Amino acid sequence: MNIAKHAGSRTERDYVGEVKIPSDRLYGVNSARGVENLTVSPLSVAHYPEFRVAFCQCKWAAALANRDNGVVTPEQCDAIVRACQEIIEGKFDDSLIVDLLEGSGGTSTNMNFNEVIANRAQQILGHAPGSYDVIHPNDHVNRSQSTNDVYPAALKIATYAMLGSLIEEVQALAAQFDKKASEFADVLHLGRTCLQDAQPMRLGQLFGGYTSLTQRLAQELAAVRDKLRTLPLGGTAIGTGFGAPAGYRSAVYRHLSQIAKVEYLAPTNPFDAMQNMDVFSRVSGELRTCSASLAKIASDLTILSSGPVGGLGELCLPEAQAGSSIMPGKVNPVLPMAMIQLSFAVIGNDVAVAQAVQYGELEINHFEPLVSSRMFDSITLLVNGIRRFTQKCVVGITADVARNEQHLMDSMAVATALVPRLGYARVSKLARQSVAEGRPLLAILDESGLLARGDTLSEIDKASYPVFDE
């Protein structure tokens, strides 16, 4: 972004050298330099509302804690709080201009928020933005803080908030799978291993497995989400707390928890909290696991719905859109395909997060913007992708009952069900005969008089409802 393009006929506020700030914007020179030097992606720090909200919540809580400890006046505190509240509402997104992926270790991001908050607070108190004669970005908005503690704190708060939406979508998907498990409870189905015929089962059991998996994914996401409630606020630059008054840390956590309505906690060891970002490896790992697990289900649905003539055709997926620009009537499983593609992106993001976490150095990790960018991207992809997959695909899945049963009855899976009744050797011989003659095993059994068709079906039914020890 070229800052000069905002100029034109507008009155400008000159700061240092050739850096010019349009009069209708509230950022300052540090923000402008961050944009000129470090813009590499199309997304600004305002792109994800949760991140903007989290940063302002930290500044809001800091202002109250600083007021409590007498290092800012009540008037300054009130103006900073009002400015934060307005920014949370999205009123000044056009002044939050720093690239989300900026490479200054988060300093440009922090100063962008500091400057916008300070300039808006100046206006609230009846002073010109940019003069900083009453509210200064560093001396007041950033008081008792450092980029090194406020940036990772905001990152954790934003990720915590975004994960709430993701967990809801995974739970909604689990509920739909559970409905399908009940709907297909009595449908005979050919179970397959290594893409080969294996054993009789019920189609509802397949979807019951999907239900259990997605419920577990939601539970694991909730568990790792809870680990994000420990923040590094109060550690200032490296964990010593230098630059903050004695009562600041307890006050800032008290106010933040009230503002965000989440109980955020101080770390047991402030140096650990500043040095390490391993919690994001864990969060990203769960996002990767979630995406990969759902991609496996999506692949299953693609296989089971393949055809309609040359494939399995046991499931019918909703016809979302035309599948070809040249083949009339072709409909592709675009929603499952999208879930699989999405998982590739999330897995790639996880690799990037792992690299960023690994390469933190000594007292801080200065690759937090990369973690923010990739973490927010993964969660957003999953939230949007799962919602569409659930609503546009899973809800409308139907089963071709006759085809499911035909594939089972024509397969060698019938043989597995008969082993307890006839013995492995005899069933193996009959199965080889079936293959050699190209006839269903069910027909051979009926002709041989070894087992009537009704008895065979009874054995298949028992095999598809195994009894587990309680």
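**Entry 1: ground rules.** I count a residue as buried under 20% relative accessible area, exposed over 50% and partly exposed in between (1.4 Å probe, protein chains only). My model is a predicted one: local features need pLDDT of at least 70, side-chain atom pairs count only at pLDDT 80 or more, and totals for chains, interfaces and linings use all residues. I number residues from 1 along each chain as its sequence is written, and side-chain values use heavy atoms, with hydrogens and water left out.

**Entry 2: aromatic rings.** I pair rings of Phe, Tyr and Trp (its six-membered ring) if their centres lie within 6.5 Å; planes under 30 degrees apart are stacked, over 60 edge-to-face and the rest tilted. How many aromatic pairs does a search of the whole structure find? I got eleven. I looked up Phe51 and Phe55: their ring centres are 5.5 Å apart and their planes stand at 85 degrees, so I wrote down edge-to-face. The two are four residues apart in helix 2 (residues 49-68), which means about one helical turn separates them. For helices I use DSSP runs of H or I with at least four residues, and for strands runs of E with at least two, numbered from the N terminus.

Phe51 also pairs with Phe376; this pair is tilted, with 5.4 Å centre to centre and 55 degrees between the planes. Here distant parts of the chain are linked, as Phe376 belongs to helix 12 (residues 368-392) and lies 325 residues from Phe51. Is Phe51 buried or exposed? Phe51 counts as buried because its relative accessibility is 0%. Phe376 is buried too, at 0%. I then noted a cluster linked by ring pairs: Tyr48, Phe51, Phe55, Phe113, Tyr151 and Phe376.

**Entry 3: a charge over a ring.** I asked for NZ of Lys or CZ of Arg within 6 Å of a ring centre and within 35 degrees of the ring normal. The charged end of Arg225 sits over the ring of Tyr160, 3.8 Å from its centre.

Entry 4: Strands pair if DSSP finds at least two bridges between them. Strand 3 (residues 188-193) and strand 4 (residues 196-202) run antiparallel, joined by six bridges. Arg192 stands opposite Asp197 in strand 4. Two residues lie between the strands of this hairpin, and Cys194 takes a positive phi near 55 degrees.
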